[in-house]
Amino acid sequence: MKRRRRSWPKFLLVLLLGAGLYFGFRYFEQRTIYSPDPLVTDTPAKIRLPFKNASLDSGGVKISGWFVPADADETASTHPTLLFFHGNAGNVSYNLDRLRLFHDAGLDVFIIDYRGYGKSEGTPSEHGLGLDALAAYFFLTETRGVPAERLFLYGESLGAAVAIDLATQVRAAGMILEAPFTSTADRLTRKWPVIPWDLLLRDNYDSLGKINKINMPVLLIHSVDDEIIPFSNSQKLFATAKEPKELFKMRGPHRESFINSFDTYGDKVTSFVEQYTRPPAPGTNSAEHTTGSVGQTQ
């Protein structure tokens, strides 16, 4: 009996240490993969773009986004539509430069904040972001009536992984991936090569294992100077993706390559969309009602 009583403290200590390690690792994983900013400081109105706020239900979680039409009279829009998924840091307000470029290229754009980002509720996770992407897709195709043949998925960094996962489940005219990574495990292995990340991670975003399941044109855009997500990630994804596919090289660091290659980047996105956009069916009106008011925040 005495031995049993003495073993209980040891068992509890081991249990507490195990729980501490588990929750400590989950905290590390969350902080490493996601860097949300809850404060949306600006809107497209700052750069004189018309927009509407959108509020979506994503598996019981309320997420928010902006619909930015190419024309102020978006009720008569026949423009191609871009569903944009941003990177792991910030929120929708960090992407005004891209919204301006897409708008000037004649694209309707819908950008969302994942759960836990900006005004969206909840906590980010791979499963949760997948639900958010599906909610955004069905908002465009069902609520707004955008034909899949005129809808393009666009993902930047973490958003590229979200777009790839979505593309395995839905139809679209094409997909554009900016600075994509092969998987979370591959990214962390570069820093800590001894740890078996693929066995430990809950949110691995295995894009390399999914991209060959996608049946739509793919454009990969990546800087050869990217110090955060090496260009080799796009090379591996490109090699695995099905045709038709294209790999476009930019220059400059990860956070500056978009600006450094602004004109050529814009031309490439525009030409890709033009190449794979089907003309609208006669009498088609893709624009419906969006929650919110043009040029106002909620």
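Of the 298 residues in the chain, 51% are buried, where buried means under 20% relative accessible area, exposed over 50%, and partly exposed in between, with a 1.4 Å probe and protein chains only. The model is predicted, with local features requiring pLDDT of at least 70 and side-chain atom pairs counted only at pLDDT 80 or more, while totals for chains, interfaces and linings use all residues. Residues are numbered from 1 along each chain as its sequence is written, and side-chain values use heavy atoms, with hydrogens and water left out.

### Overall make-up

The chain holds 9 helices and 10 strands. Helices (H or I, at least four residues) and strands (E, at least two) are DSSP runs numbered from the N terminus. The accessible surface comes to about 14,500 Å², and carbon and sulfur atoms contribute 55% of that area; such areas come from the Shrake-Rupley method with a 1.4 Å probe, and for residues only the protein chains shown count as cover. Among contacts with a separation of 6 or more, 74% link residues 24 or more positions apart, a contact being heavy atoms within 4.5 Å.

### The sheet

Eight strands form an open sheet in the order E2-E3-E6-E4-E7-E8-E9-E10, with mixed pairing. Its edge strands, E2 (52-58) and E10 (245-250), each pair on one side only. On average, neighbouring strands of this sheet are turned by 20° against each other, direction ignored. Two strands pair if DSSP finds at least two bridges between them. Several of the pairs are listed here.

| Pair | Sense | Bridges |
|---|---|---|
| E2 and E3 | antiparallel | 7 bridges |
| E3 and E6 | antiparallel | 4 bridges |
| E4 and E6 | parallel | 4 bridges |
| E4 and E7 | parallel | 5 bridges |
| E8 and E9 | parallel | 4 bridges |

Strand E3 is largely enclosed by the rest of the structure, because 7 of its 8 residues are buried.

Ile111 in E6 stands opposite Trp66, and Ile111 is also the bridge partner of Phe84. Leu83 stands opposite Leu153 in E7. Further along the sheet, Met175 stands opposite Val218 in E9.

How many residues of E4 are buried? The count is 5 of 5, so E4 is mostly covered. In a regular strand the side chains alternate between the two faces of the sheet. In E4 both faces are covered: Thr81, Leu83 and Phe85 are buried on one side, and Leu82 and Phe84 are buried on the other.

Helix H7 (residues 231-240) lies across E9 and E10 and runs at about 170° to E10. Axes are lines fitted to C-alpha atoms, for helices over the stretch in contact, and angles run from 0 to 180 degrees between N-to-C directions.

The loop between H3 and E7 contains Pro147. Pro147 counts as partly exposed because its relative accessibility is 25%. The C-alpha atom of Pro147 is separated by 9.1 Å from that of Thr81, although the two residues are 66 residues apart along the chain.

### Helix against helix

Two packed helices are described by the angle between their axes and the distance between the axes. H3 and helix H4 (residues 158-167) pack at an angle of about 65°, with axes 9 Å apart. This angle makes H3 roughly perpendicular to H4; angles under 35 degrees count as roughly parallel, over 145 as roughly antiparallel, 65 to 115 as roughly perpendicular and the rest as oblique. Leu129, Gly130, Ala133, Leu134 and Tyr137 of H3 make the contact with Leu158, Val162, Asp165 and Leu166 of H4.

Helix H2 (residues 96-104) and helix H9 (residues 262-276) pack at about 50°, with their axes 10 Å apart. That angle makes H2 oblique to H9. On the H2 side, Asp97, Arg98, Leu101 and Phe102 meet Phe262, Tyr265, Gly266 and Val269 in H9.
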